[in-house]
Amino acid sequence: MSSIGSNRAHWNRISRGYQAEHDTQIGAAPRLWGMFSIPDAQLEALGDVTGRRVLELGSGAGQWSGSLAADGATVVAFDLSEAQLAAAAARAGRPGAGGFSRVQGAAEQLPFRSASFDVVLCDHGGLSWAPPRVAVPEAARVLRAGGRLVFTVASPWLEVCYDDAADAVTTELRRDYFGLGAVDEGDGAASYQLGYGDWVRTLRGAGLIIDDLIEARPDPARASGYAVFEPPDWARRWPAEMLWIARKP
Ligand SMILES: C[S@@+](CC[C@H](N)C(=O)[O-])C[C@H]1O[C@@H](n2cnc3c(N)ncnc32)[C@H](O)[C@@H]1O
């Protein structure tokens, strides 16, 4: 069953609180990846976007969109939630953020012509909150030949070690690896996870070439504003996130 309606309602409901809690960290500097806000300059995932047409898939408040627009890209911030897009609208053109357009819709069915973007970027956005087997082929469709899909999602390690009751990431295997799929986010909302082999098959099945999988290791001083990690240095011992870089031939 589709989670589009429930995910939209979920993000509309939590948007204000989520931004109050996380916007300062996500937008603390340009181009920060993931839960630990690791600079792109350190990971070297994205590179120069000057003059590129970029789609941010599940843009939230558009922290990435504003940064890339300021760097000379033409950016579309795309999101399912009107509340999140309203937060993005408030950011566009603010000091440090370039102007960017905003489009509402679902990653499952993108309202864009094929081959219309040079880069599709996603940081825990549409590829975490829509079934990847549906959303990845859509992202691939809207990329032009030579275009890149660059995205962060939680790692299967994090997912299988997550203790729902304690709301913390632990060192115990709590969930089966095989059969990872929809993760219940409450109120009928769902996020999605795949095992490593399924990610590879999903990306390749969409006609993409995988250039890299970066398993970022946060510096000891870099804390996550999202999950509780027990022990606190968990993400220095196991990869909490995956940063995939794929290309359309
Ligand atoms: C965790 S936020 C990611 C945005 C930003 N990078 C951040 O970290 O806050 C997840 C975003 O995905 C959006 N989203 C959820 N389901 C979606 C879908 N099916 N298609 C597109 N966006 C979706 C939500 O509205 C939300 O803004």
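This is a predicted model: local features need pLDDT of at least 70, side-chain atom pairs count only at pLDDT 80 or more; totals for chains, interfaces and linings use all residues.
## The chain as a whole

Let's start with the overall picture. The chain holds 9 helices and 14 strands. Its radius of gyration is 17 Å, close to the 18 Å that the globule rule gives for 249 residues, so the chain is as compact as a globular protein of that length. Along its principal axes, the C-alpha trace spans about 45 × 40 × 35 Å.

How much of the chain is buried? Buried residues make up 52% of the 249 residues. The accessible surface comes to about 11,200 Å², and carbon and sulfur atoms account for 52% of that surface. Among contacts with a separation of 6 or more, 71% join residues 24 or more positions apart.

## Around the ligand

Which residues come nearest to the ligand? Of the 20 residues around it, these are Tyr 18, Asp 79, Gln 84, Ala 107 and Asp 123. The shell divides into 9 nonpolar, 8 polar and 3 charged residues. Its largest share, 3 residues, comes from helix α1, which covers residues 4-26.

Some of these neighbours can be described atom by atom. Gln 84 places a polar side-chain atom 2.8 Å from an oxygen atom of the ligand. Ala 107 uses its backbone instead: an N or O atom there lies 2.9 Å from a nitrogen atom of the ligand. Asp 123 also has a backbone N or O atom 2.9 Å from a nitrogen atom of the ligand. Taken alone, the ligand exposes 580 Å², and the protein buries 96% of that.

## Ser 15, a partner of Gln 84

Gln 84 also has a partner within the protein. The side chain of Ser 15 makes a polar contact with the side chain of Gln 84, at 2.7 Å. Leaving out residues up to four places away in sequence, Ser 15 touches Ala 83 and Gln 84.

Arg 31 has a positive phi of about 55 degrees, although it is not a glycine. Most residues other than glycine have a negative phi. With a relative accessible area of 14%, Arg 31 is buried.

Leu 32 belongs to strand β1, residues 32-33. At 9% relative accessibility, Leu 32 counts as buried. Beyond its neighbours within four places in sequence, Leu 32 is in contact with Gln 25, Ile 26, Ser 37, Ile 38, Pro 39, Trp 64 and Asp 123. One of these, Asp 123, is also among the residues nearest the ligand.

## Helix α6 and its cover

Which residues of helix α6 (residues 132-142) are buried? They are Pro 132, Ala 135, Val 136, Glu 138, Ala 139, Ala 140 and Val 142. What covers them includes the strands β3, β6, β7 and β11, along with the helices α5 and α8.

Helix α8 spans residues 196-205, and Gly 205 is part of it. Gly 205 has 65% relative accessibility and counts as exposed. The C-alpha atoms of Gly 205 and Arg 133 are separated by 9.0 Å, although the two residues are 72 apart along the chain.

## Arg 148 in strand β7

Another element covering α6 is β7, and Arg 148 is found in that strand. Not counting residues up to four places away in sequence, the residues Arg 148 touches include Ala 45, Leu 46, Asp 118, Val 119 and Ile 245. With Leu 46 there is a polar approach: the backbone oxygen of Leu 46 lies 2.3 Å from a polar atom of the Arg 148 side chain. Arg 148 and Phe 117 are 31 residues apart in sequence and 8.8 Å apart in space, C-alpha to C-alpha.

## Two backbone details to look at

Glu 44 is in the loop between α2 and β3. Glu 44 has a positive phi of about 50 degrees without being a glycine. With a relative accessible area of 66%, Glu 44 is exposed.

Finally, look at the loop between β13 and α9, where Pro 231 is found. The peptide bond from Glu 230 to Pro 231 is cis, with omega near 10 degrees. Most peptide bonds are trans.

Note on methods. Residues are numbered from 1 along each chain as its sequence is written. Side-chain values use heavy atoms; hydrogens and water are left out. A residue is near a molecule or strand if one of its heavy atoms lies within 4 Å of it. A polar contact is a pair of N or O atoms within 3.5 Å; within protein, one must be able to donate a hydrogen and the other to accept it, and residues adjacent in sequence count only if both atoms are side-chain atoms. Accessible areas come from the Shrake-Rupley method with a 1.4 Å probe; for residues, only the protein chains shown count as cover. Helices (H or I, at least four residues) and strands (E, at least two) are DSSP runs, numbered from the N terminus. Ala, Val, Leu, Ile, Met, Phe, Trp, Tyr, Cys and Pro count as nonpolar, Asp, Glu, Lys and Arg as charged, and the others, Gly among them, as polar. The radius of gyration is taken over C-alpha atoms; the globule rule is 2.2 Å times the number of residues to the power 0.38. Buried means under 20% relative accessible area, exposed over 50%, partly exposed in between (1.4 Å probe, protein chains only). Contact means heavy atoms within 4.5 Å.
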